[in-house]
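Student: I would like to go through this model with you, one question at a time.
Tutor: Gladly; here it is.

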Amino acid sequence: MTSDNVLLQIKNLKTGFHTGDGYVQAVRGVSFYVDRGERLGIVGESGCGKSVSMLSIMHLLEDNADLNVDEIMFDGEDLAKKSVKEMRKYQGNEISMIFQDPMTSLNPLFTIGEQICIAIACNPKLLIADEPTTALDVTIQAQILELMQKMRKQYAMSLILITHDLGVIASMCTRVIVMYGGIIVEEGDVRDIFYRTAHPYTKGLLESIPKANGEKLVPIFGTPPDLLNPPAGCPFAARCPYAMKLCHAFQPKLDEVEEGHKSACWLHHPQVKKNIEVPDLAKRKRAGELKAQGKEKEGGVKLS
Amino acid sequence: MSISSNRETCLEVKNLKKYFELKSGWFQKPNILKAVDDVSFSIAKGETMGLVGESGCGKTTIGRTVLKLYEPTDGQILYQGAEITRLNDKEMQAFRRKMQMIFQDPYTSLDPRKNVMDIIAEPIRFMKLKQGKDVGDRVRELVELVGLKPDHINRYPHEFSGGQRQRIGIARALAAEPEFIVCDEPISALDVSIQAQIINILEELQERYKFTYLFISHDLAMVRHISNQIGVMYLGNLLEYAQADELYENMLHPYTKALISAEPIADPDLAAASQRIVLEGDVLSPINPKDECPFCSRCPYVKDVCRQAKPELKKVNEKHYVACHLL
């Protein structure tokens with residue numbers, strides 16, 4: 001990636017909230033970039049920090065929030081240094097947001113369709129869509145996704161699409177960030193994430209989706225971590241079938257497993273060298289198309 | 001109308017109608033909202049029927065009407081051969097125990113002032129299924145059955161996550177020792193990884209106790225996964241009704257095709273290769289509907305005949321019915 005091509009670069013974003021129950025560490029050190037014209041998907045479950053990250057970038061946090069970030073470089077300017085007043089110039093003009101709108105009107109297409117039109121009225125460089133279709137019926141969702149694709153192409157915008165729906169990610173995005181417990185656990189090209197899955201959490205998400213063959217679902221056991229009191233080690237360790245002692249004590253770094261594909265997992269460490277059993281989807285792909293690309297590796301995708 | 005090879009029928013619904021009268025001006029004819037309009041299906045014992053369709057299609061109304069939480073306007077509901085359509089509350093009591101419901105929202109369907117013990121014990125005490133100390137033992141058994149820990153019974157709903165609350169909801173439904181359970185969007189409020197946990201519990205329970213499910217959901221992939229047969233609803237009407245595999249391999253109705261094609265595929269290559277059918281036009285009003293195909297306003301293949309009469313559900317083969325003039 002050349003720096004010219006990067007539209008947005010966030011370094012070490014940390015956001016917390018003072019609540020009646022204590023201090024919630026919603027985002028715990030997140031760094032990522034968005035290229036010009038790129039469609040980035042951010043996927044994760046409730047409370048993983050995906051929406052809070054976006055609100056942090058836009059300075060749209062509530063008063064009880066604490067924001068700490070090294071930099072938010074947007075088109076050559078550091079948004080982290082801007083005042084709330086200065087940020088108004090960016091909100092809606094340079095960066096636009098569409099929020100989840102749970103059926104405030106009888107015709108949901110009108111509402112979200114309208115939101116999209118308002119959002120792109122000023123021809124922004126970046127469109128952030130936060131669960132734009134979550135409350136909608138699938139046929140309406142299809143219309144909205146189609147409209148977003150069309151607008152994005154026409155106006156050459158970058159897109160950050162936040163969703164918990166891997167289907168929406170697969171059909172809309174070129175690159176994907178997977179978040180869990182306030183950190184990024186995996187990041188890569190959309191095909192890296194789906195066909196060369198590296199992180200056990202991503203694998204768990206993919207296996208939770210029903211397949212056409214009616215095979216029994218493989219759920220992720222347990223529940224997400226409490227960010228009032230986040231674990232010292234990997235946030236996924238308590239639910240991870242591969243977890244080792246090490247995982248509970250130290251948080252693994254987000255490191256490259258192959259070019260442009262990063263994963264935060266101790267299994268990738270050269271001294272551990274363990275493989276995860278890749279999801280079904282990846283196995284099928286590996287047998288066919290990956291062989292042609294010469295990327296097939298024996299005994300599961302080797303991660304070290 | 002049966003499409004299952006299993007002879008023993010648990011629930012049969014014949015020409016079921018549920019209309020709601022909406023207030024209009026004095027001396028005017030009342031407006032009629034036809035939430036369920038002439039729907040027939042049957043579910044074999046131990047099997048699952050999935051009902052899919054979008055908001056307002058009437059799937060939830062069907063679920064509530066077969067449990068007699070709504071009074072049916074017309075048609076018949078037969079539970080294991082016995083007609084329950086016109087039974088009053090008292091006469092329904094014997095059936096209530098056998099017919100239970102799991103709700104969509106585990107946040108609002110549990111009483112926040114009661115702990116888990118009291119929530120689950122309530123139906124056991126009310127129906128006098130167990131007495132004294134046996135009530136507690138039964139609650140502990142149910143709690144374990146749905147994968148909660150024994151010490152959870154003294155806690156309150158707000159102390160649990162969404163998935164755990166849904167487990168409590170399931171345990172409560174099981175407390176009545178049911179045979180037939182209406183699952184109304186039981187997973188739509190839950191995160192993806194938790195959805196699979198709940199689906200697996202429902203499947204394990206069915207295997208163990210031979211439960212019959214009416215599974216209502218807008219999640220097509222999950223409905224396909226759990227169902228033996230599927231009904232596709234639109235504007236109060238059953239447009240297509242078939243065995244699950246048959247429906248996916250040989251879908252006939254234009255709406256079913258659009259609905260299934262609109263579901264995003266969690267596989268980038270397949271998603272890029274697939275053709276999404278994007279529907280145009282608005283959904284017709286369910287209030288005072290005309291005698292026409294309910295889908296005619298959005299159907300890409302619409303012909304004059306579609307606006308002249310409502311198509312009936314016609315048999316395609318032993319395991320497949322469809323309501324379309326063009327087929």
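Student: How many bridges join β1(B) to strand β4 of chain B?
Tutor: This is a predicted model, in which local features need pLDDT of at least 70 and side-chain atom pairs count only at pLDDT 80 or more, while totals for chains, interfaces and linings use all residues. Residues are numbered from 1 along each chain as its sequence is written, and chains are lettered from A and ligands numbered from 1 in the order in which they are written. Strands here are DSSP runs of E of at least two residues, helices are runs of H or I of at least four, and both are numbered from the N terminus. β1(B) and β4(B), the latter covering residues 74–79, run antiparallel, and the number of bridges that join them is five.

Student: Which residue of β4(B) is the bridge partner of B:Lys17?
Tutor: Within β4(B), B:Val13 has B:Ile77 as its bridge partner. For B:Lys17, the bridge partner in β4(B) is B:Asp74.

Student: Is the crossing of α4(B) and α5(B) left-handed or right-handed?
Tutor: α4(B), residues 133–145, and α5(B), residues 162–175, pack with their axes 9 Å apart at an angle of about 130°, where axes are lines fitted to C-alpha atoms, for helices over the stretch in contact, and angles run from 0 to 180 degrees between N-to-C directions. That makes α4(B) oblique to α5(B), since angles under 35 degrees count as roughly parallel, over 145 as roughly antiparallel, 65 to 115 as roughly perpendicular and the rest as oblique. A crossing is left-handed if the near helix is turned anticlockwise from the far one by less than a right angle, and right-handed if clockwise; for α4(B) and α5(B) the crossing is right-handed.

Student: Which residues of α5(B) make the contact with α4(B)?
Tutor: Two residues are in contact if their C-beta atoms, placed from the backbone, lie within 7 Å. α4(B) contributes B:Leu142, B:Val143 and B:Leu145, and the residues from α5(B) are B:Ala171, B:Leu174 and B:Ala175.

Student: Which residues of α9(B) meet α4(A)?
Tutor: The axes of α4(A), residues 138–155, and α9(B) come within 8 Å and cross at roughly 55°, which makes α4(A) oblique to α9(B). Their crossing is left-handed. A:Val138, A:Thr139, A:Gln141 and A:Ala142 of α4(A) meet, in α9(B), B:Ala258, B:Leu259 and B:Ala262.

Student: Which element gives the largest share of the side of chain B that touches chain A?
Tutor: The contact takes 32 residues from chain A and 30 residues from chain B. On the side of chain B, the elements that give two or more residues are α6 (192–209), α7 (220–226), α9 (254–262) and α10 (268–273). The largest share, seven residues, comes from α6(B).

Student: Which element of chain A has the lowest mean pLDDT?
Tutor: pLDDT is the predictor's confidence in each residue, from 0 to 100, and the mean for chain A is 85, with 86% of its residues reaching 70 or more. Among the elements of chain A, strand β10 (residues 175–180) has the highest mean, 98, and the lowest, 50, belongs to helix α9 (residues 280–292) of chain A.

Terms used
Pairing = 2+ DSSP bridges.
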